[in-house]
Structures are given as C-alpha cells and as structure tokens.
Amino acid sequence: MNSDLKGSKRNKRIGFRFALSGILAVVKTERNLKIHCFASVAVLLTGIFLSISPIEWAVLFLTMGLVLSLEVVNSVIERVMDFIHPSYHQEVKVIKDASAGAVLIAACFAVMIALVIFVPNL
Ligand SMILES: Nc1ncnc2c1ncn2[C@@H]1O[C@H](COP(=O)(O)OP(=O)(O)OP(=O)(O)O)[C@@H](O)[C@H]1O
C-alpha cells in the first residue's frame, strides 16, 4: 500500500472504525466479554457512589482496561485456533486453556483491587 495513503488522516479514521467494529463483533458473540462489560459498569457505578479519589479511579481504569482487552485477545486466540484447526487437538486445548487462564489471572487481581479500593470507602 502507498505510504502517503497509509499515514493519511482518513486512513486513521478508517482504522479506528475497523477497530471499533472488531470490538463490537467480539462483544456480540462472546458471553464472557459481556459479563466483564457488565462488571465494569457495576464497578463504575460503585466508584461514583463511593466518591473514590482520582488515583483510585486511575487504578480501576487501568485494571478494567487490562481485563477487557485480555478478554478480546482471548476471543481472538480462540477464533484463530478454530479457524486453523477446527477439530480436537491436545495442543489447541493447551493454547485455549492458557489464553483463558490469562484472563482469569487478570480478573482475580481485578477483584482484589476492587476490594482494596472499595472496602475502606464504605
Ligand atoms: N479444537 C479444540 N481442541 C481441544 N480442546 C478444545 C478445542 N476447542 C475447545 N477446546 C476446549 O474447550 C474450551 C472452551 O473452548 P471454546 O473455544 O468453546 O471457548 P469458550 O467457550 O468461548 O470459552 P472461554 O472464552 O471461557 O475460554 C477450551 O478452553 C479447551 O479446553
């Protein structure tokens, strides 16, 4: 592709639109991502209700961003694996399980962070 066209403003807008439609496609089909989105909304409402500090908001935003983006990457890995190897394979199982494990680790730490921030503000 022409490098002028690649770096143009119009192309950046198109790239942004593609990224948004990619996120929407995953949100529509992945139940776990929907659950994480609802949990994020609940966390936001709790933060507003408890009037948490700016630094606490920053930590929560960072944590929610990490969990949600890891969930999107996990869905992408699952789709890639289904695309390149639709039938059962032990290695596919290990890859998918490890990818889901990464989300689980982030989600567990997110719960701990939420407790550390919210409990003292109750
Ligand atoms: N082709 C495959 N070969 C081996 N194991 C598989 C295969 N497809 C799925 N699995 C197993 O089933 C589990 C669920 O895989 P699936 O692709 O259905 O993801 P999912 O239902 O969206 O789960 P999650 O998003 O919670 O990880 C995987 O973690 C893996 O253990």
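This is a predicted model: local features need pLDDT of at least 70, side-chain atom pairs count only at pLDDT 80 or more; totals for chains, interfaces and linings use all residues.
**Entry: salt bridges**

I looked for salt bridges and found two in the structure. One of them joins Asp82 and Lys96, with 2.6 Å between the closest N and O atoms. Asp82 belongs to helix 4 and Lys96 to helix 5, so this pair ties together parts that are 14 residues apart in sequence. I checked Asp82 as well: its relative accessible area is 39%, which makes it partly exposed.

Lys93 and Asp97 form a salt bridge too, at 2.9 Å from N to O. Both of these residues sit in helix 5, four residues apart, or about one turn of the helix. Lys93 is partly exposed at 37% relative accessibility, and Asp97 is partly exposed at 42%.

**Entry: helix 4**

I then took helix 4, which covers residues 54-84. Helix 4 has 31 residues and spans 45 Å from first C-alpha to last, close to the 45 Å expected at 1.5 Å a residue. I listed its buried residues, among them Glu56, Glu71, Asn74 and Ser75 as well as Trp57, Leu60 and Met64.

Thr63 is also in helix 4. I found Thr63 buried, with a relative accessible area of 11%. Not counting residues up to four places away in sequence, Thr63 touches Ala110 and Ile113.

**Entry: helix 5**

Helix 5 runs over residues 90-118. I noted 29 residues and a reach of 41 Å between the first and last C-alpha, close to the 42 Å expected at 1.5 Å a residue. Its buried residues include Val92, Ser99, Val103 and Ala110. I looked for what covers the buried residues of helix 5, and the cover includes helix 3 and helix 4.

**Entry: nonpolar core**

Which residues make up the largest nonpolar core? I counted nine residues in all: Val43, Leu50, Ile52, Trp57, Leu60, Met64, Ala114, Ile117 and Phe118. Helix 4 and helix 5 are the elements that give two or more residues to this core. For background I noted that in soluble globular proteins, nonpolar side chains tend to be buried together.

Leaving aside neighbours within four places in sequence, Ile117 is in contact with Ile52, Glu56, Val59 and Leu60.

**Entry: nonpolar surface patch**

I also looked at the surface. Val76, Val80, Phe83 and Ile84 make a nonpolar patch of about 420 Å² there. Ile84 lies in helix 4. Ile84 has a relative accessible area of 56% and is exposed.

**Entry: Ser51**

Where does Ser51 lie? I placed Ser51 in the loop between helix 3 (31-49) and helix 4. Its phi is positive, about 45°, although Ser51 is not a glycine. Ser51 is exposed, and I noted its relative accessible area as 60%.

Methods
Residues are numbered from 1 along each chain as its sequence is written. Side-chain values use heavy atoms; hydrogens and water are left out. Patches are made of residues with over 30% relative accessible area and no salt bridge: like charges are joined within 9 Å, nonpolar side chains (Val, Leu, Ile, Met, Phe, Trp, Tyr) within 5 Å. Accessible areas come from the Shrake-Rupley method with a 1.4 Å probe; for residues, only the protein chains shown count as cover. A salt bridge is a side-chain nitrogen of Lys or Arg within 4 Å of a carboxyl oxygen of Asp or Glu. Buried means under 20% relative accessible area, exposed over 50%, partly exposed in between (1.4 Å probe, protein chains only). A nonpolar core is a set of buried Ala, Val, Leu, Ile, Met, Phe, Trp, Tyr and Cys residues joined through side-chain atoms within 4.5 Å. Contact means heavy atoms within 4.5 Å. The expected span of a helix is 1.5 Å times one less than its number of residues.
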